[in-house]
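Please read the points in order.

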Amino acid sequence: MVPGRLDERVGDRIVAETRGNPLALLELTRGLTAAELAGGFGPPDVRPLAGQIEQTYLRRIGSLPAAAQRLLLAAAAEPVGDVPLLRRVAERLDIDADAAGAVEAAGLVDFGTRVRFRHPLVRSAAYRAADPAVRRDVHRALAEATDPEADSDRRAWHRAHAALEPDEALAGELERSAVRAQARGGIAAAAAFLRHATELTPDPVRRGARAEAAAQAAFDAGSPDAALELLATARLSHPDEARHARLTRLRARLVLSRRRGGEALPLLLDAAGRLARVGDADARETYLDALGSAVYAGRLGERTGVREVAEAARTAPPGACPARPTDLLLDGLVAWFADGCAVGGPPLRSALEAFRQAAEREGGDAMRWLWLTWLVAGEMWDDETWHRLTERAVRSARETGALTFLPLALGYRAALSVHTGDFDLAAALVDEAGTLAEATGHSPMGYPALLLAAWRGEGEHVAEAIRRGAEEATSWGEGRAIGGEHYLLTVLYNGLARYQDARYQAERAVEFDDLAIVGFALAELVEAAVRSGAPEAAAVPLRRLAERAEAGGTDWALGVLARSRALVSEGPAAERLYREAVERLGRSRIAVHLARAHLVYGEWLRRENRRLDAREQLRTAHGMLRSFGAKAFAERARRELLATGETVRARQVDPGGLREALTAQEGQIARLAADGLTNSEIGAELFISPRTVEWHLGKVFSKLDVTSRNKLRSALAGT
């Protein structure tokens, strides 16, 4: 899979040169930069030529006449295989028609309707073997032969590679091309243009500004090493205090993307303070970054906790008028941490609404701040914001090739899928996010995978995996992972009916006010305390839960609160609260908690000796939990059903069953096809060709024993 957007013409050339061979495609893309894959905006000289095959091609190239070598070099430097363009270049370089025949006779390239190298390694060998002066001549000829109206960006690209000295006019042209190239080749292409614009800028101050923009684009494109190099270049321009602060902020963001935790916090506070002193509006967003860093540092924050950062953020310059979503979010978080949830709740709800609207319009700020708004929406029990922001985020990241952002977006979408009960989709998204994080060198987002494991409830090995994940995260200062570990273990143990263990873990989870963890853990603690025979231990957690749930005010929040209150109530009051919980949660997207509301309601009815009523609730709970794959909670419901006198067979796991037969990618393709997407649309969503989609769908149809797309939805539901 190629991460990011792929220029259609470059994609066609790659497929042609590899003859569509899957192994050749995989091998080729491993050696290419994101910029080269995105739009051809990267010279084919990035791989070492030490292999035997490359050396063979070098010898064959070296045996060609000089004119044929220049023609081959021109073909290598031109990324889309445009034969008419190459003919014009040959005229400018005084290359006669015999050169093409010599190259073809050497078995290196075909000149048909388009240029096709016999092997992708020929391209890199031809480019690497050329003398630098000859390369510049070839790029200059390519620039002159390229239509300035139809393909101004590639013309500017070739002119840049032909340049010997800094050239402000050309640098400005490249800067403008970066904006246009992003629409075709994504952020990676824009970063490549900006980097060359930086190299060609003669004025030190302007060079620093372009290096800053290039560093930001490289960071967004998932190239942190290139971003750090460009940051160093920007610092050489002797930036003023405002630019120095922005560069410090970007460096801190690079640190935060690789290792979420408190390591970036001092840098962010330094940058925010500098920006505030010069009255720069970016101070507000920098304080917002600092608050997020403090949230992730959690209980491992040394001297600067989230409350101290919130107080420092009060010194930020006033926000814009009308307020931007980020202004509302900063003010809301400052109030939440400094003044409490009753004061902070209303402005945070307003901030989330503003981010939802922004996501619908253009997505920029909404996507940039998803890592923080996700947590705030969780704290506010706002499942609708979770859904709308993550849906927009995944689509936007795929469309633009934002490789830094896409793994996060996929991880958040996976966590939402756990809560909605689509565990198979969650697993597929977790796998994809992990692969991308590894490829871009960013810290893996372990929480969604552990959340899924906890809800599946497969046993003590899950507990060990949760502990290992927390240890790894805390090794780089992510103290929030400690609260997350205790919360996830509580979910696991409540499912396994190990209520004493669940209570112990929940009490550890609520000792620190981790954003989007403590509220969930309080609800688990109430259930664990009641089920372990200590209902009095639920009183204080229930009051704390009420404060947070009422601050959120959603059906999810109030449904969980009603369920928790029902657990400590008796008689008609308990039944009224259970029914309220089912009704409210039924209006939310949070199917796992709806199923658990049916479960605890059925458990209460059985203890009230209302067996027929209990069976109705327990059947619903068991069916839902089993269909999700929440094995431990489903088993708990099954045991309760048995206690009512109903015979229920444990689900038999069939290793060759349909659910297990579909791979993660096949499952994704099947769901998208069931939702009505065409092969082309599915391919665009998953970065694979429509033909590959068709091949996978053939396997899906065979495994599910269906013959058409309109039967996929029911077949998937039955797996």
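1. A residue is called buried under 20% relative accessible area, exposed over 50%, and partly exposed in between, using a 1.4 Å probe and protein chains only. By that criterion, buried residues make up 57% of the 719 residues in the protein chain.

2. The model is predicted: local features need pLDDT of at least 70, side-chain atom pairs count only at pLDDT 80 or more, and totals for chains, interfaces and linings use all residues. Residues are numbered from 1 along each chain as its sequence is written, and side-chain values use heavy atoms, with hydrogens and water left out.

3. The protein chain contains 40 helices and 2 strands; these are DSSP runs numbered from the N terminus, helices being H or I of at least four residues and strands E of at least two. A contact requires heavy atoms within 4.5 Å. Of the contacts between residues at least 6 apart in sequence, 66% join residues at least 24 apart.

4. Helix H30 spans residues 539-552, 14 residues in all, and reaches 20 Å from its first C-alpha to its last. This is close to the expected 20 Å, where the expected span is 1.5 Å times one less than the number of residues. Its buried residues include Pro541, Leu542, Leu545 and Arg548. The buried residues of H30 pack against helices H18, H19, H21, H29 and H31. Just after H30, glycine 553 takes a positive phi of about 75 degrees.

5. How do H29 and H30 cross? Their axes come within 9 Å and cross at roughly 140 degrees; axes are lines fitted to C-alpha atoms, for helices over the stretch in contact, with angles from 0 to 180 degrees between N-to-C directions. The two helices are therefore oblique to each other. Under the scheme used, angles under 35 degrees are roughly parallel, over 145 roughly antiparallel, 65 to 115 roughly perpendicular, and the rest oblique. The contact involves, among others, Leu522 and Val526 of H29 and Leu542 and Leu545 of H30.

6. The axes of H30 and H31 also come within 9 Å, crossing at roughly 160 degrees, and these helices are therefore roughly antiparallel. Leu542, Leu545, Ala546, Ala549 and Glu550 of H30 meet Ala557, Leu558, Leu561, Ser564 and Arg565 of H31.

7. Is glutamate 478 buried or exposed? Glutamate 478 lies in the loop between helices H26 and H27 and is buried, with a relative accessible area of 10%. Leaving aside neighbours within four places in sequence, its contacts include Arg260, Tyr296 and Leu300.
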